[in-house]
Amino acid sequence: KNAEHVMVVVDPQDYDRVAAALEGEEPADLRAELAATAFAHTAGYDALIAAYYAGRGGDLLPERLALPLTRAREIRYGENPHQETAAFYRFGPAELPAFGLAGAEQLHGQQLSYNNYLDADAGWNLVTDFDEPTVAAIKHGNPCGLAVGGDDLAAIYQRTFECDPVSIFGGIVALNRTLDLAMATTMRGTLLDIVIAPDYEDEALALLKKRRRTRILRIPLELREPAAAVPGLGDLKVRSVAGGVLVQEPDRLPDDDLTFEVVSKRKPSAEQERGLRFAWRAIKHVKSNAIVLASGMDLIGIGTGQMSRVDSVHMSIYRAGDRAAGSVLASDAFFPFPDGPEMAMEAGIEALIEPGGSVKDDEVIAAVDKAGAVLVFTGGERHFRH
């Protein structure tokens, strides 16, 4: 606190500057800068301890929430070039194990941008939500393709690509398996900003490195969750708003906790139930209002970010085209009117899953029964994502 008379040094990177100042003329603001660094250092240390005990005590939302954040890297600019100040901060100091994007190793390509971080996080969270081999395509924070299951990664990628061959251009591809040469070969001809995988075969990596602008990230699957050394940090989702931050727990949905209430006269087949459960897990990664169409374990149509839910239905059907017939639909929140389901069933969609809870539920159920389709409620559990 006595910065006018004392220089305090806590970062070895400042040693040379301090030594030069002692031998020559001291910059006017050096002492204030060093004091700020020292206070940030001790504050981060105390915040880390507070987070540790909050996690152990189970109180993740104490009256005073201190987040131990360390700048991992500066970014050229934010969402737009005129937003010149931007950086990526990780939870905890560099000495602690990182998780998620903080633990990513960039193997090739240009520096990640602010928007790259957001898209990469969306892709990584999506593919690691599934245990089976999974490939996802992301554009502007939303999935534009997703396929789950199978042993042939190239085939899984092709199924992902076919969901929206236009939007994937300039997007990112993420998967939860080691990327092999066959998949890397199949990806040729499609411009991608980022590729994310837990690992890469040597030949596949060599082929991908021929892409001049594609960033290649490696994130081991064990980095899905935070290190046990800092309990609680990974259980918080933090988002800034004017004047403060919003904090919540992540949207996790164990399959065995899902309420699967068939409210229509017609019951789903085993294949339809499998597709509905898959679509319901996938939709939590799509921004509201969200509608997804699935065929098997593939997304074939995605409607996202619309102010009207029926517009999202229309968008998903448009994206799916002829493939909509015979597919299943998931809606991240209840249908307020029967118009959305009616539009879906006119396109040949045979089964729907939604939370239920609308004052018009009886009308929605009646419309589904009239069409001879399947309707499942999730007991009011929804998946809004804003």
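In the predicted model, the side chains of Asp-193 and Arg-213 form a salt bridge with an N to O distance of 2.3 Å; a salt bridge is taken as a side-chain nitrogen of Lys or Arg within 4 Å of a carboxyl oxygen of Asp or Glu. This pair links distant parts of the chain, 20 residues apart, with Asp-193 in strand β7 (residues 192-197) and Arg-213 in the loop between α6 (202-208) and β8. Helices (H or I, at least four residues) and strands (E, at least two) are DSSP runs, numbered from the N terminus. Asp-193 is buried at a relative accessible area of 13%, whereas Arg-213 is partly exposed at 32%. Buried denotes under 20% relative accessible area, exposed over 50%, and partly exposed the range in between (1.4 Å probe, protein chains only). Residues are numbered from 1 along each chain as its sequence is written, and side-chain values use heavy atoms, with hydrogens and water left out. Because the model is predicted, local features need pLDDT of at least 70 and side-chain atom pairs count only at pLDDT 80 or more, while totals for chains, interfaces and linings use all residues.

The structure holds 14 salt bridges. One of them joins Arg-218 and Glu-105, at 3.1 Å from N to O. Arg-218 belongs to strand β8 (residues 215-218) and Glu-105 to strand β3 (residues 105-108), so this contact ties together parts that are 113 residues apart in sequence.

Arg-309 lies in helix α8 and Asp-332 in the loop between β14 (328-331) and α9 (339-346), so parts 23 residues apart in sequence are tied together by the pair. Arg-309 is buried, with 8% relative accessibility, and Asp-332 is also buried, with 0%.

Ser-308 is located in the loop between β13 (298-303) and α8 (309-320). Ser-308 is partly exposed, at 27% relative accessibility, and its C-alpha atom is 7.0 Å from that of Asn-289, a residue 19 positions away along the chain. Tyr-114 is placed in helix α3 (residues 114-127) and is partly exposed, with a relative accessible area of 32%. The C-alpha atoms of Tyr-114 and Phe-88 are separated by 8.0 Å, and the two residues are 26 apart along the chain.

Zero disulfides are found in a search of the whole structure, a disulfide being a pair of cysteine sulfur atoms within 2.5 Å. Cys-144 is in no disulfide, and the nearest cysteine sulfur, that of Cys-163, is 7.1 Å away. For Cys-163, the closest cysteine sulfur is likewise that of Cys-144, too far for a bond. Cys-144 is buried at 6% relative accessibility, and Cys-163 is buried with a relative accessible area of 4%.

Glu-249, Asp-251, Asp-256, Asp-257 and Glu-381 form a negative surface patch. Patches are made of residues with over 30% relative accessible area and no salt bridge, with like charges joined within 9 Å and nonpolar side chains (Val, Leu, Ile, Met, Phe, Trp, Tyr) within 5 Å. Asp and Glu count as negative and Lys and Arg as positive, while His and the chain ends are not counted. Within this patch, Glu-381 is situated in the segment after β16 (374-377) and is partly exposed, at a relative accessible area of 31%.

Key. Areas by Shrake-Rupley, 256 points an atom, 1.4 Å probe, with all protein chains shown as cover. Charge placed at Lys NZ, Arg CZ, Asp CG, Glu CD.
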